[in-house]
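Please look over the sequence and the fold shown below before reading on. The report that follows treats selected strands, cores and a ligand site in turn.

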Amino acid sequence: MSDITKGKAVNTTCTLCGTGCSITLEHRNNQVVGVAPADRDCPVDQVSLCFKGLYGMDFINSSERLTTPLVRKDGVLVATTWNEALSFVAGRFAELKKSHGRHALGALGASSCTNEENYLLQKFVRTAFGCNNIDSGARIRTTTLMAGIERVLGMSAMTNPISHIREAYEILLIGADPSVAGPIIGRMVKQAVKLRGARLTLVDPLPNELEPFSGTRLRPRPGAYAIFLLGLLREIVLQIGVGTELRSYRSGWFRYLRPQLESLDKKKLEAESGVSGKQLAETAKRLLAAKRVAVIPGPGIATEENAYVSGVLMAALVLLTGNIWKTGCGLFPIAASLNDQGAMDMGTWPEKLPGHQYPFDASARVRFQHAWGVAPPPEKGLDYVSMIEAAAKGHLAGLYVVGENPVQDCPDKGAVRDALSRLQFLVVQDRFLTETAELAHVVLPSASFAEKEGTWTSMERRVQRIRQVLQPIGESRPDWAILTELMHRMRVQAPYTGPHDVLREINATVPIYGGITTEHLEQEELFWPCADPENPGTEILYAHVSSKGFVDDTLKISHLTSPELPAGYPFRLIVKESPLHSLDRAAAANSSTVRSHSPAFQTTMNPSDADSTGIEEGSPVQIDSRVGSVECRVSLDERTPRGLIVGTNNSSFAFHELFALADRDPMFGSPKLNPTAVKVEPVLVAPPL
Ligand code: SF4
């Protein structure tokens, strides 16, 4: 544990988004009183923190923090002791397992937690519950796109460090406004353009802050990123030509994908994507000619219906154009926020065990059986949305939610609230009484990142330390300590005195984290894979492996269509990323300074569309989808394409009311958050009496 002395400054990691900047937190009287970039080399090279990191830390000492465990008695949450709360939780989960079976329990968590805590949570579910019903908020933001990337390249991860973006000659930015959601990446893109003369191709139907830096601007139809990528990859394959010499792995994929892509109808692709054949051909030509291309997909593409296919197509794009396994190029998905990468690495998803190992892989199961004393269950578990659907049908009896807020984060809040209310037992472990915690039978108060030790993995695979700065607020406890105590009470092996013990177990069970020890991290931050303590880590993925070894010939590429608007809903609504998008939801909701620096909850529309609907600048409007409705103000902006309503969320993410929980990515099950069909009408305000 860090040496905590009044008035000291401690180097740690900003955990408010997935960039993971190194920061120094200054503290006095158990309060954070200042924040600055850490006084040491930072791999992401931030010279100043973004406004979120600079102002968002006030959530830590917010007066709204939970300070004691709460248990529901006579319908009301009342304060209780840790002993009573933990005994009740362990006893009730054990009862439900006995009465309803192990598949009737599940857990959601915890992109806001450390790697060690994510590892413990999935271990708790796989050993104490005995099932794979475990997922995290990464499912909503990231996992689907990443799974598509993994299908082709082999790993669900960024290929190169973020700093390599500055060395690219061509940058393809798709569905991302990094100046808003990932400011450090936005800074890298600007530096590449201004200092190196890189050409930026900006692919986004919406106005974008990086527009002044772009050399080429492409505006696909809303919801048509995957179709655009199909058209672009088809052009790339045609331009590569059949006789071209490619390294073996690339040539295997080329031979496999070429006939499938060539068979697609060019005219249909143009019409469906909204990008002309000429623009697709020119872009393909530039990407093939450039020495180093960085492809940066963002939240816009990761939350669309076909995010999995988009991940596949972008991975194939960097592979076939030769922009992989070398410096200054690669695939840089910035959809991840918080510790989404660490949550995926630590097996907080139903499809995978820690270290991206599969539950059906016998050798991985033996490794975990050796460490845990019991083998992880082999069968498929429920993902995030499937657990909520199972709760709605009465098939899920108990749910443990750690640091997540499904009522806020999922589409269709009303349906999610109803589903969670049907659970026989809901436990929420968080720093604040969230909308989900308000429904719980037991609420366990957890410590913020500033009150605990552990490790964190940024979106670029960089593992770094989190150091304790404050004592936990009130009676709150670090998530790892709560999980360890619950495991003891449910008779699961948990021989941990601190996060360092958990990390030691991770070193033994997760080969890509084998050398990422506390001692090694004391000397330097490390990119995984890092197999042993002598290994310096791996900045560039796949550089030493020329082939993944096989081409996945079950992968079928087919034409996609973007759905027509249903009668009565003449507009498409897209929720644009805001500074709140990638931010820790607790900070977004409870930092008064972040809130005051954030945009208003509002929409923009084109003035011509406004004319035809009788809407004026600043009017209050009602927006209805087939699922729900919201009221907000509208501002008129010539840059908003006709037929489109662009929403900016507030900290309660109210636009999620307009999306359906059942609208999910067909390949990987994550909910679709953009776009949706809506109608918009002015709200008549009664004149004053
Ligand atoms: Fe860095 Fe993100 Fe923190 Fe901003 S919020 S300082 S980009 S980690």
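## A strand covered on both faces

Strand β23 is covered on both of its faces: Leu 644, Val 646 and Thr 648 on one side and Ile 645 and Gly 647 on the other are all buried, where buried means under 20% relative accessible area, exposed means over 50% and partly exposed lies in between, for a 1.4 Å probe and protein chains only. The strand spans residues 644–648, and five of its five residues are buried. In a regular strand the side chains alternate between the two faces of the sheet. Strands, like helices, are DSSP runs numbered from the N terminus, with at least two residues (E) for a strand and at least four (H or I) for a helix.

This is a predicted model, in which local features need pLDDT of at least 70 and side-chain atom pairs count only at pLDDT 80 or more, whereas totals for chains, interfaces and linings use all residues. Residues are numbered from 1 along each chain as its sequence is written, and side-chain values use heavy atoms, with hydrogens and water left out.

## The neighbours of β23

Two strands are said to pair if DSSP finds at least two bridges between them. By that criterion β23 pairs with strand β19 (residues 571–576) in the parallel sense over five bridges, and Thr 648 of β23 is the bridge partner of Lys 576. Strand β20 (residues 602–605) pairs with β23 in the antiparallel sense over four bridges, with Thr 603 bridged to Gly 647 of β23.

Strand β8 (residues 170–174) is largely enclosed by the rest of the structure, because five of its five residues are buried. Glu 170, Leu 172 and Ile 174 point one way from β8, while Ile 171 and Leu 173 point the other way, and all are buried.

Strand β9 (residues 199–203) pairs with β8 in the parallel sense over five bridges, and strand β11 (residues 293–297) also runs parallel to β8, joined to it by five bridges. Leu 173 takes part in both pairings, standing opposite Leu 202 in β9 and having Ile 296 as its bridge partner in β11.

## Two open sheets

Seven strands form an open sheet of mixed pairing, in the order β5-β4-β15-β14-β13-β6-β7. The strands at its edges are β5 (76–79) and β7 (134–135), each with a single partner strand, so one side of each is left without a neighbour in the sheet. Within this sheet, β4 and β5 pair in the antiparallel sense over four bridges, Arg 72 having Leu 77 in β5 as its bridge partner. These two strands form a hairpin with two residues between them, and Asp 74 in the turn has a positive phi of about 50 degrees. Strand β4 (residues 70–73) also pairs with strand β15 (residues 442–445), in the antiparallel sense over two bridges; Leu 70 is the bridge partner of Val 443, and Val 71 stands opposite Val 442.

Another open sheet has three strands in the order β16-β17-β18, with antiparallel pairing. Its edge strands are β16 (454–457) and β18 (526–527), each of which pairs on one side only. Strand β17 (residues 462–466) pairs with β18 over two bridges, and Val 463 stands opposite Leu 526 of β18.

## Nonpolar cores

A nonpolar core is a set of buried Ala, Val, Leu, Ile, Met, Phe, Trp, Tyr and Cys residues joined through side-chain atoms within 4.5 Å. The largest such core has 118 residues, and those with the most contacts inside it are Phe 124, Leu 153 and Tyr 400. A second, separate core of 47 residues includes Ile 23, Val 35, Ile 466 and Leu 470.

## The ligand site

Which residues surround the ligand? Counting a residue as near if one of its heavy atoms lies within 4 Å, the ligand is surrounded by Cys 14, Leu 16, Cys 17, Thr 19, Gly 20, Cys 21, Leu 49, Cys 50, Lys 52, Gly 53 and Ile 184. This shell divides into seven nonpolar, three polar and one charged residue.

## A partly exposed serine

Ser 363 lies in helix α15 (residues 362–372) and is partly exposed, with a relative accessible area of 45%. The C-alpha atoms of Ser 363 and Gln 279 are separated by 48 Å, the two residues being 84 residues apart along the chain.

Note on methods
Nonpolar A, V, L, I, M, F, W, Y, C, P; charged D, E, K, R; others polar.
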